[in-house]
Amino acid sequence: MIIGIDIGGSTTKIVGIKAKTIVDPLTVEASDPVASASGALGKFLTVNRIHLKDIEKVITTGVGASFLQEDLLGLPLLKIEEFRALGYGGLLLSGLKKAIVTSVGTGTAFVKAHGRCIHHLGGTGVGGGTILGLSKAMANLSSFENIVEMASTGSLSTVDLSIGDISQAEIGNLPSTITASNFGKMTDQASRSDITRGILNMVFQVVGMMAIFAARTQKDKDIVMAGKMVHVAQAHKTFTELGKLYKVNFHIPKMAEYSTAIGAAISQSLEEFIGQDPE
């Protein structure tokens, strides 16, 4: 078995790959990268009843990987650049050979993944951190789960300005329901539910549109979404609407939050998983 570990700023994700099969991944929260990696590996072995002798190697990635030495719990340790791992993982989980892989974390990163050719296109500071910060300032909520729950009963009609609010006819190919201005119609009647719904809508629209722009520059029509937040219902709704409007395909894999850890684990045997570079 090969272990992939993605060490982030506050959470560490770990997954195992054995005989082309993904062993149930898990997440560990810890602020110290070394303790986080060791704890994640120990918990993974315990939960899945795996012995150290069954592990061939451990491949790490993420911002905390640089703090690790040459081994972890006595196992040989390799490192891979985070964007490459993200690209590989996105392709494996989606079953595609080429795509724009978008990682929605605290901020958002866009990666061109064409087979083994991986290139970081850029990113934006708009992401999960934006949702948490604005929700704390505007709705006094600091838990992401509470924000999502609050937003589920909200309405955008008291927050966002739509095309229908400013025009009696469609503008170009834009339907009347599409957003003309995020928070451009903020009223005194807007509730905390409305505000949090507006925050989620704004962030996912920005992320979705930037992903579409990235796809257009690379002549791609497939966009793979990675990260825990892409499973939020509002994200699904927004990406589906944008995909239909701009004729691109948004893919949200079942294990999207483990894309980078999975990419790290398969990085040593790419041909076996994602084939040759597409022409």
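Okay, let's start at Ala19, which sits in the loop between β2 (11-18) and β3. Helices and strands here are DSSP runs, numbered from the N terminus, with at least four residues (H or I) for a helix and at least two (E) for a strand. Before I go on, this is a predicted model, where local features need pLDDT of at least 70, side-chain atom pairs count only at pLDDT 80 or more, and totals for chains, interfaces and linings use all residues. Residues are numbered from 1 along each chain as its sequence is written, and side-chain values use heavy atoms, with hydrogens and water left out.

Back to Ala19. Its phi is positive, about 50°, although Ala19 is not a glycine. For background, most residues other than glycine have a negative phi. Is Ala19 buried or exposed? Ala19 has 70% relative accessibility, so it counts as exposed. The cut-offs are under 20% relative accessible area for buried, over 50% for exposed, and partly exposed in between, using a 1.4 Å probe and protein chains only.

Lys219 is another one to look at. You'll find Lys219 in the loop between α6 (192-217) and β12 (222-226). Lys219 isn't a glycine either, and its phi is positive at about 55°. With a relative accessible area of 74%, Lys219 is exposed.

Next, on to the strands. Pro25 is part of strand β3, residues 21-29. Not counting residues up to four places away in sequence, Pro25 touches Ile14, Val15, Met255 and Tyr258. Contact, by the way, means heavy atoms within 4.5 Å. Pro25 and Asn48 are 23 residues apart in sequence, and their C-alphas are 9.5 Å apart in space.

Now two lysines in strands. Lys57 is in strand β4, residues 57-61, and with a relative accessible area of 18% it counts as buried. If you leave aside neighbours within four places in sequence, Lys57 is in contact with Met1, Ile2, Ile3, Pro76, Leu78 and Gln268.

Lys79 belongs to strand β6, residues 75-79. At 43% relative accessibility, Lys79 counts as partly exposed.

Let's move to Gly105, in the loop between β7 (98-104) and β8 (108-114). Gly105 has a relative accessible area of 29%, so it is partly exposed. Gly105 and Gly127 are 22 residues apart in sequence but 5.9 Å apart in space, C-alpha to C-alpha. Gly127 is also among the contacts of Gly105, along with Gly128, Gly129 and Met229, leaving aside neighbours within four places in sequence.

Last stop, helix α2. This one covers residues 82-94, 13 residues in total, and spans 18 Å from first C-alpha to last, close to the 18 Å expected at 1.5 Å a residue. That expected span is 1.5 Å times one less than the number of residues. At the start of α2, a side-chain oxygen of Glu81 comes to within 3.2 Å of the backbone nitrogen of Phe83. After α2 comes Gly95, with a positive phi near 75°. The buried residues of α2 are Ala85, Leu86, Gly87, Tyr88, Gly89, Gly90, Leu91 and Ser94.

How does α2 pack with α8? The angle between α2 and helix α8 (residues 259-266) is about 95°, and their axes are 6 Å apart. That makes the two helices, α2 and α8, roughly perpendicular. Axes are lines fitted to C-alpha atoms, for helices over the stretch in contact, and angles run from 0 to 180 degrees between N-to-C directions. Under 35 degrees is roughly parallel, over 145 roughly antiparallel, 65 to 115 roughly perpendicular, and the rest oblique.

Leaving aside neighbours within four places in sequence, Ser259 is in contact with Ala85, Leu86, Gly89, Gly90, Leu93 and Ala226.

Key:
A polar contact is a pair of N or O atoms within 3.5 Å; within protein, one must be able to donate a hydrogen and the other to accept it, and residues adjacent in sequence count only if both atoms are side-chain atoms.
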